[in-house]
Amino acid sequence: MNIHEYQAKELLVAQGIPVPMGEVATTPEEAEAIAQRLGGAVVIKAQVHTGGRGKAGGVKLAKSPQEAREKAGQILGMDIKGLTVHKVLVAPAEDIASEAYVGIILDRASHAPVWMVSAAGGVDIEEVAVTDPDKIIKLPVDPRYGFLPHQAYLLATKLYPEVKQQRAAAQILLKLYKAFVEAGASLAEINPLITTPAGEVKAIDAKFNIDDNELFRRPAIEALRDDTSEAPAEVQAREANLTFIKLDGDVGCVVNGAGLAMATMDLVKYYGGEPANFLDIGGSSNPEKVVNALRIITSDPQVKVILFNIFGGITRTDDVANGIVTAMGQSKIEVPIVIRLTGTNEEIAVKILADAGFTALTDMDEAVQKAVELAKGTVSS
Amino acid sequence: MSIFIDNSTRLIVQGITGRDGSFHAKQMMEYGTQVVAGVTPGKGGQTFEGKVPVFNTVAEAVAETGANATVIYVPPAGAADAMFEAADAGVPFIVCITEGVPVLDMTRVRPYVMEKGSRLLGPNCPGLLSPGKSKVGIIPGHITQPGNIGLVSKSGTLTYEVVYKLKVAGLGTTTCVGIGGDPINGTSFIDCLAAFEADPDTEAVVMLGEIGGTDEQEAARYVKENMKKPVVGFIAGQTAPPGRRMGHAGAIISGSAGTAEEKMQAFRDNGIGVARRPLDVVGLIQDAL
C-alpha cells in the first residue's frame with residue numbers, strides 16, 4: 001500500500017523528526033488560508049501516489065497567500081500519470097543549503113532491511129544510482145538487534161562534515177528506522193533531507209510503501225488508505241479479495257494464481273493480442289469470486305473478449321463453472337467468453353458449462369489464440 | 001531418488017485442525033505421505049481422521065513420533081512463531097504454505113531457522129512433491145508422474161501447468177519444488193539447483209521464474225559455474241507493467257529492474273534454454289535429455 005507524502009510526514013513528526021509540516025488543502029480557498037496562517041512563501045505539492053510530481057507540474061512555489069490560491073487551483077484536479085489530484089500539501093518553503101537522500105528498504109538480496117544514504121540527494125537520486133553508484137552508501141541492518149546508534153552515526157558522517165549536523169542526522173536516521181518498523185513499511189525514505197543556511201537538518205519530502213501483509217495487525221496504518229488515489233476497479237477488486245491490475249489491451253483475463261496469470265498475459269501477447277488486465281482469483285474455490293471478477297472486467301469498455309484460464313489444483317473447476325453461469329445470469333455480458341478449464345472436477349465443470357450453452361477448452365494455447373482472434377474480430381464466437 | 005522428501009519423510013502438519021490444514025492433511029495422506037502427527041495448541045490428545053495423533057506443541061510431536069519434517073498451514077498472524085517453534089524443536093525440514101506473512105517477520109525467521117540448522121521452504125509456496133513417494137503441501141498429486149526431471153518454481157498454478165504438459169508428453173519428475181515468490185524466504189533457486197545436481201536420478205532441470213528481484217540472474221550464473229546437467233527456463237511476466245510492485249529504491253539497490261527480458265537474457269548468457277511459452281518447456285527439455 002502507498003500512502004501520501006503528508007501522511008508519511010505525519011509518521012516522521014510522530015517520531016520527533018524535524019519536518020516543516022504545513023497542512024492539507026482540498027480547495028484553493030483552503031490553500032490560501034493555510035498560506036496566510038504559515039506566513040511567508042509556501043510550496044504547494046500535489047498528493048498523489050506517484051513519483052515525478054515536480055516534473056509534471058504538481059509542485060509549485062507561492063510567495064503570497066493569493067499566489068497559493070492560484071497555484072493550488074492549477075494543481076487540484078490536475079492529472080498526473082493517470083491519477084487525479086484531490087489534495088495538496090501547503091508547506092512552508094525552506095532555504096536550502098544542501099540536499100541529501102536517506103532511505104531504508106526491505107532488500108530481497110540481503111534478506112534484511114538495508115540503508116541507502118547519499119550526500120547527493122534531491123530529485124535525481126535514481127540518476128545518481130545509475131551514473132555514480134559509489135555516491136550511494138549501503139548498510140544492511142540485522143533486524144534481530146535493530147539499527148544500532150553507532151551505525152546511524154557512521155552513516156551520518158558520510159552525509160555531513162560538521163559534527164553538529166552529523167549528530168542531528170544520526171538521530172533522524174534512528175527515528176526513521178523506528179517509523180519504518182512501526183509502520184510495517186517495505187520502504188521509508190526522506191528525499192531530500194536538507195540543511196538550512198543556519199545549519200539545521202530537516203526532512204522536506206518523505207515516502208513510505210507499506211507491506212500489505214502487515215495491514216492485518218496495523219489498523220492505524222490501514223486507516224491511511226485513500227481509495228480515491230487508486231483506479232476504482234482496483235479498489236473493487238481489493239474489496240472482493242482479488243488481485244487486479246488494469247492494462248491497456250482488450251483481452252480481459254481471469255486466471256487462478258499470479259504466475260499463471262502473468263504467463264497467460266504473456267501468451268496473449270505472443271499470439272498478437274494485448275491483455276486488458278492482470279486478474280488473479282486466487283486459490284480458493286468460491287463462485288462469488290468469479291462473479292466479482294466478471295463484474296470488474298466487464299466494467300472496462302475496452303474489453304472485447306473475456307478469457308478464463310483455470311488450472312484446477314486446489315481450485316475446483318466446477319466452482320469456477322458455477323461462478324461463470326451465475327454471473328451470466330445476473331448481468332448481460334455483451335462480449336464473447338473463451339473458457340479454458342483443466343484439472344480438478346473438469347468433467348463436472350464441462351457439463352455445467354455445456355448445459356448453460358458454453359464450450360470449454362482444455363488447452364491453454366488454443367484458448368488464448370481463440371480469444372486473440374475474437375478480440376481482433378477475425379472470427380466470430 | 002528425489003530431493004528434500006521421499007519415502008522416509010515423517011511429516012507433522014501444524015494447523016491440522018484448521019480448514020486448510022485438515023483438507024490438505026487428508027490429501028497428503030491419500031497420496032501416501034506418512035503424516036505422523038498434527039499440532040494445534042489446545043487440541044492435544046485428539047486424533048485426526050482416526051489415526052493421526054494431535055499434539056499441543058511441535059516439540060512433543062517430534063519426541064513422540066520421530067517426525068523429520070513439518071508443514072505449516074497457520075494463519076499469517078501465527079505463521080512466524082510456527083516456523084520459530086519448528087526450528088526450536090529441531091525439525092530439519094520446514095515447509096510454510098501460509099500466504100501473507102509480513103516480510104519483517106521473515107527477516108527474523110530466516111536467520112533463526114538457518115542457525116538452528118533447519119531448511120525452510122516458503123512461506124507462500126505450494127510445497128513440494130516427489131511423485132510416487134511423498135507430497136508435502138498443496139500440489140495436486142495426479143498432475144505429475146515419476147520421471148527424471150527436477151522442477152523448481154516461484155509459482156503455484158504455473159508449475160501445475162508445466163508439469164501437466166510434461167506428463168501429457170510422457171515425461172515425469174524426480175521432485176517438483178515450489179519455492180514461493182515472497183521477497184524473503186527460506187530455500188532459493190540455487191539451493192534446489194544444487195540438490196538436483198547432486199541427485200543421481202535427476203537428468204535435467206526446469207526452472208520457472210518471474211519478474212522482480214535478481215534470484216533468477218544469480219541462479220543462472222550458478223548454473224553456468226556449477227552444473228553439468230542441462231537446465232531449461234521460463235520467466236512469467238514478460239508483458240507485466242514495470243514498477244507495480246516496488247518503486248525505484250528496489251531497482252537502485254539491486255542495480256536491476258528485475259524485468260523478464262533481463263532475466264531471459266541472463267538465462268541465455270549462461271547456457272539455459274529459454275522457453276517463450278510454457279508449452280515450449282516440453283520441447284526444450286526433450287532436446288536436452
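What radius of gyration would a compact globule with 289 residues have, and what does chain B have? Here are some friendly notes to read beside the structure.

1. This is a predicted model, where local features need pLDDT of at least 70 and side-chain atom pairs count only at pLDDT 80 or more, while totals for chains, interfaces and linings use all residues. Residues are numbered from 1 along each chain as its sequence is written, and chains are lettered from A and ligands numbered from 1 in the order in which they are written.

2. Back to the opening question: a compact globule with 289 residues would have a radius of gyration near 19 Å, and chain B agrees because its value is 19 Å. This radius is taken over C-alpha atoms, and the globule rule is 2.2 Å times the number of residues to the power 0.38. Along the principal axes, the C-alpha atoms of chain B fill a box of roughly 55 × 45 × 30 Å.

3. Chain B has 10 helices and 14 strands. Helices (H or I, at least four residues) and strands (E, at least two) are DSSP runs, numbered from the N terminus. In chain A you will find 13 helices and 18 strands.

4. Of the 381 residues of chain A, 50% are buried; for the 289 residues of chain B the share is 58%. Buried means that 20 or more other C-beta atoms, placed from the backbone, lie within 10 Å of the residue's own.

5. The C-alpha trace of chain A spans about 80 × 50 × 40 Å along its principal axes. Its domains, with bounds from an automatic or database domain assignment, are domain 1 (21–92), domain 2 (98–222) and domain 3 (231–376). The centres of domain 1 and domain 2 of chain A, taken over C-alpha atoms, are 26 Å apart.

Definitions and conventions:
Buried ≥ 20, exposed ≤ 12 C-beta atoms within 10 Å, placed from the backbone.
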